[in-house]
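Dear colleague,

Please find below the structure that I am handing over to you, together with its sequence. My findings follow directly after it.

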Amino acid sequence: MQATLRRGTPGDAEACGRICYEAFKGIADEHNFPPDFPSPAVAVNVAGMMLAHPGFYSVVAEQGGRVVGSNFLDERCPIAGLGPITVDPAAQDAGVGRLLVRDVLDRAESQGAAGVRLVQAAYHGRSMALYTKLGFAVREPLIAVQGSPIGEPLPGCRVRRAGLDDLPACDAIFRDVHGHERLWDLRDAVERGSARLVERDGQVTAYATLLGFAGHAVARANDDLKALIAAADRIHNPGFLLPTRNHDLLQWCIERGLRLRQPMTLMSLGKYQEPRGPFLPSIAF
């Protein structure tokens, strides 16, 4: 049966969240990795947040009046973040996923996005093949890192909660590292109370919106990222995403007992600047 698409609504949270949990769990189980979402309830909450947030575009696929998949586009900055895209396991391999990806790419183009990025599970070859066919390029190998809080302050680095007055300094770091702004994502984190920053010699040198899949971080130097990680009272499941090319930071994390959980891949379509400083991407990019 041909799938039809429509805009998502908050009322779709239950169906989209359940499918999101089952689809990711099915792929993870197939490859002997832990699932991205620990329970259906968590997936429903995440879907509900995105369906209700004005900064996210959402699309739902239906067959015979039944929801069989969904996709999202984070439109809070000039570079759009794609996903999570999920299809009911019973409706997979029938072109629904490609239809959902094509819809959000058309949306990004219509909204004038400078580029689109995503993070996919590196062990899932079919999704990488789909994104590659659609023009996405592999940019960064990542590893999800999890573990207990380190509790090891770094000399000369002060970590504190970020406030609205800190937005310009934090935004300047992100622009220097990535070549574009990500201010609304940062503002949301500040207003939630999850954003933390590092001060060194009286200057803001790093920030993180959250230490986990849902958050990103940028810094002037690796020591600043280490300070953010070491001061965190929690690493949110399933972990934060660390570029494996950053050998110094990867080795530091391993030496402090943090665990390497699963490989991921950052991919991009459109504008992309090779990062000019250390960073931790979110599950969007």
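By class, how many nonpolar, polar and charged residues does the lining of the largest cavity have? In this predicted model, that lining has 10 nonpolar, 3 polar and 2 charged residues. Of its 15 lining residues, Arg117, His178, Phe279, Pro281 and Phe285 are the closest to the centre. At least two lining residues come from each of α5 (167-178), β11 (217-219) and β14 (279-280). The count of cavities of 30 Å³ or more comes to 3.

Turning to the pockets, the second largest pocket holds about 270 Å³ of space. It is lined by 13 residues, and those closest to its centre are Ser194, Arg196, Ala232, Asp233 and Arg234. By class, 7 residues of this lining are nonpolar, 3 are polar and 3 are charged.

As to helix packing, α7 (residues 222-231) and α8 (residues 247-255) pack with their axes 10 Å apart, at an angle of about 30 degrees. Angles under 35 degrees count as roughly parallel, and α7 and α8 are therefore roughly parallel to each other. The crossing in which α7 passes α8 is right-handed.

Lastly, Asp93 is found in the loop between β5 (86-87) and α3 (96-110). Asp93 counts as exposed because its relative accessibility is 69%. Between Asp93 and Arg66 the separation is 27 residues in sequence and 17 Å in space, C-alpha to C-alpha.

With kind regards

Notes. Residues are numbered from 1 along each chain as its sequence is written. This is a predicted model: local features need pLDDT of at least 70, side-chain atom pairs count only at pLDDT 80 or more; totals for chains, interfaces and linings use all residues. Side-chain values use heavy atoms; hydrogens and water are left out. Helices (H or I, at least four residues) and strands (E, at least two) are DSSP runs, numbered from the N terminus. Buried means under 20% relative accessible area, exposed over 50%, partly exposed in between (1.4 Å probe, protein chains only). On a 1 Å grid over the protein atoms alone, a cavity is a set of points where a 1.4 Å probe fits but cannot get out, and a pocket is an open set with protein on both sides within 12 Å along at least five of seven lines; lining residues have an atom within 4 Å of a point. Grid points are joined across faces, edges and corners, and a volume is the space filled by probe spheres set on the points. Ala, Val, Leu, Ile, Met, Phe, Trp, Tyr, Cys and Pro count as nonpolar, Asp, Glu, Lys and Arg as charged, and the others, Gly among them, as polar. Axes are lines fitted to C-alpha atoms, for helices over the stretch in contact, and angles run from 0 to 180 degrees between N-to-C directions. Angles under 35 degrees count as roughly parallel, over 145 as roughly antiparallel, 65 to 115 as roughly perpendicular and the rest as oblique. A crossing is left-handed if the near helix is turned anticlockwise from the far one by less than a right angle, and right-handed if clockwise.
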